[in-house]
Amino acid sequence: MKRHKFLCTLVLAFTTLAGCRKLDVDVESRYTPGNFPTNGASYAAAVGAVYAQLANTKSGDATYFMNSTGFSYGVDYWMLQELSTDEAIIPARDGNYDDGGKYRFLHLHTWTGNLPFVISSWQWGFGGINIANNALNLVNALPASASKNATMAELKTMRSLFYFFMMDSFGNIPIVDTYPVASQPATKPRKEVFAFIENTLKSALPDLPAKVDGTTYGRATKWLAFALLEKMYLNAEYYTGVSRYPEAVAMADSILTNAPYTLDGDYFSVFKPDNGPQIKETIFAIPYDANLIPGCHFTRFGLHPFLKAKYDLPDAFGPSVALSTIADFYAFFTLPNDIRNTTWLAGPQTNKDGSPNIQRVSSKTLDASSTEPDHQIDWQVTITPEMKLKAGGEGKLDVGNDLLGQLKGARSIKFYPDKNINTSTRFQNNDMPVFRLADVMMMKAEAILRGAAPTAVKGEMQTADVLVSKVRGRSGAPAVAGITLDSMLVERAREFAWEGWRRNDLIRFGKFEGKWGFKKADNDAFRRIFPIPEIELALNPGLVRNPGY
């Protein structure tokens with residue numbers, strides 16, 4: 001039982017708020033000053049809906065920014081960040097998985113403000129902001145106490161996290177810090193949003209907990225605030241036009257000097273289905289539970305039915321073949337002795353005992369383009385990193401849906417397949433790390449490469465080489481000497497694949513307009529931020545369309 005009591009409280013709290021999707025709801029359906037919890041034990045229930053929104057749960061208390069169609073999902077935000085890069089792709093397979101082109105548009109950088117992932121991510125993010133503002137409004141009316149201060153700080157930090165996601169994705173956005181929203185809020189410049197998040201986090205820091213254990217796992221702490229500030233300062237030159245790399249190092253050192261985090265000796269343990277508070281490098285994670293806190297879908301999207309037995313997956317589970325990566329990205333995983341190389345499946349596949357995974361299949365089922373008479377063959381399951389399109393499939397990036405097509409593109413098992421997966425929903429138990437110590441160290445190394453001075457921590461002078469070598473060493477890879485910014489981007493790809501940071505990294509390194517997969521190189525720098533959803537522009541004349549869209 002890796003879950004702790006707070007998570008159950010979180011689910012119950014979200015259930016309490018789940019019926020509350022309009023501004024004119026009956027007060028009996030949600031917390032009000034009259035029924036709001038007033039003791040420390042029940043504060044968790046009050047903030048639970050914010051965490052439930054961060055996971056993949058349906059949005060509860062709606063916001064001005066949500067339209068009447070309803071729900072938004074955190075998984076769509078992940079899709080927005082990853083499918084727009086070289087790190088992940090969902091090609092069409094004989095028309096399956098095209099879904100109106102929504103995956104293809106992200107890969108090719110041809111999206112518009114009507115893209116479903118753009119709309120749902122906006123609604124998810126501002127839904128979280130509004131839920132936090134609602135709770136803040138109610139907590140603020142309570143009598144003064146240490147619990148009140150701590151809860152206010154926690155809610156402000158979580159609102160800041162949602163605001164960071166929205167600022168990073170959409171650039172110039174409204175600043176809303178009241179509930180309910182009194183008017184149609186206007187767009188604010190990105191640097192003003194940056195300052196709002198920064199000031200909010202700094203004001204929250206004194207009242208945030210420093211404790212790291214099961215009671216604070218998956219919750220806002222001082223260390224989350226420091227890590228978020230470090231991420232902001234590392235990207236400040238792009239966000240605001242002013243570099244702040246020394247501040248990024250200072251935020252890293254606040255964690256490296258004072259927090260109890262260490263790199264886990266087993267890289268795989270950080271992402272396994274039983275990950276949780278026992279992982280010593282996770283600063284902030286989104287806890288998932290296959291039955292209580294749905295949202296983690298990696299096993300569903302990344303495997304193939306022929307691979308179920310190897311990972312002890314139940315017979316009733318039906319995996320998809322949709323989600324892959326491209327050969328260009330998979331090619332980064334070649335360092336000698338690096339165990340991160342084994343987080344990908346490619347080439348001939350084996351069974352659990354190491355024997356070849358042989359399947360008896362029809363030759364036409366294997367290769368629909370075969371001109372030979374159909375016959376039965378014994379075929380070793382093989383995943384091909386290259387993703388050649390089928391004849392006539394160029395328009396929809398269609399790789400075919402025969403067995404060869406289904407198994408095109410390397411598959412990630414970083415978020416390890418869960419044998420206890422919920423077979424009806426296909427959700428699994430792996431928690432999703434948002435910030436972990438390795439990122440703190442790698443961000444510090446990058447800030448040093450970009451001009452900040454190296455600093456000593458606990459008697460050790462930490463240069464970029466020292467920091468990256470520590471992260472590499474945990475995975476068995478050789479140390480580095482003379483690391484450059486270009487190689488740092490590759491290092492981040494190896495360490496943080498599929499953790500939701502690739503778009504952020506490519507933009508900071510000036511590579512988002514590059515060529516990969518089926519995407520051509522372009523000069524569309526305006527696509528470094530996504531468009532404000534068309535439906536939101538129609539609802540609120542105070543919003544300003546992002547340049548280029």
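Predicted model: local features only at pLDDT ≥ 70, side-chain atom pairs only at ≥ 80, totals over all residues.
Which hand does the crossing of α8 and α10 have, left-handed or right-handed?

The crossing of α8 and α10 is left-handed. Helix α8 covers residues 222–234 and helix α10 covers residues 245–258, and the two pack at an angle of about 155°, with their axes 8 Å apart. Angles over 145 degrees count as roughly antiparallel, and α8 and α10 are therefore roughly antiparallel to each other. If you follow the contact on the α8 side, you will find Trp 223, Phe 226, Ala 227, Leu 229, Glu 230, Tyr 233 and Leu 234, and these meet a set of residues in α10 that includes Tyr 245, Ala 248, Met 251, Ala 252 and Ile 255. Sorted by class, this contact of α8 with α10 consists of 11 nonpolar, 2 polar and 2 charged residues.

Now let me turn to the other partner of α10 that I want to show, which is helix α15, residues 437–449. Here the packing angle is about 150°, and the axes of α10 and α15 lie 9 Å apart, which makes α10 roughly antiparallel to α15. The crossing of α10 and α15 is left-handed. From α10, the residues taking part are Tyr 245, Ala 248, Val 249, Ala 252, Asp 253, Ile 255 and Leu 256, while α15 contributes Leu 437, Val 440, Met 441, Lys 444, Ala 447 and Ile 448. The class count for the contact of α10 with α15 is 11 nonpolar, no polar and 2 charged.

Stepping back to the whole protein, there are 19 helices and 12 strands, and of the 549 residues, 60% are buried. Among contacts with a separation of 6 or more, 71% are between residues 24 or more positions apart. The protein exposes about 20,400 Å², of which carbon and sulfur atoms supply 54%.

Once neighbours within four places in sequence are set aside, Phe 105 is in contact with Gly 100, Thr 110, Trp 111 and Leu 115.

Definitions and conventions: Residues numbered from 1 in each chain as written. Heavy atoms only, no water. Axes fitted to C-alpha atoms, helices over the stretch in contact; angles between N-to-C directions. Helix = DSSP H or I, 4+ residues; strand = E, 2+ residues; numbered from the N terminus. Parallel < 35°, antiparallel > 145°, perpendicular 65-115°, else oblique. Left-handed = near helix turned anticlockwise from the far one by under 90°. Contact = heavy atoms within 4.5 Å. Nonpolar A, V, L, I, M, F, W, Y, C, P; charged D, E, K, R; others polar. Buried < 20%, exposed > 50% of the residue type's maximum accessible area, 1.4 Å probe, protein only. Areas by Shrake-Rupley, 256 points an atom, 1.4 Å probe, with all protein chains shown as cover.
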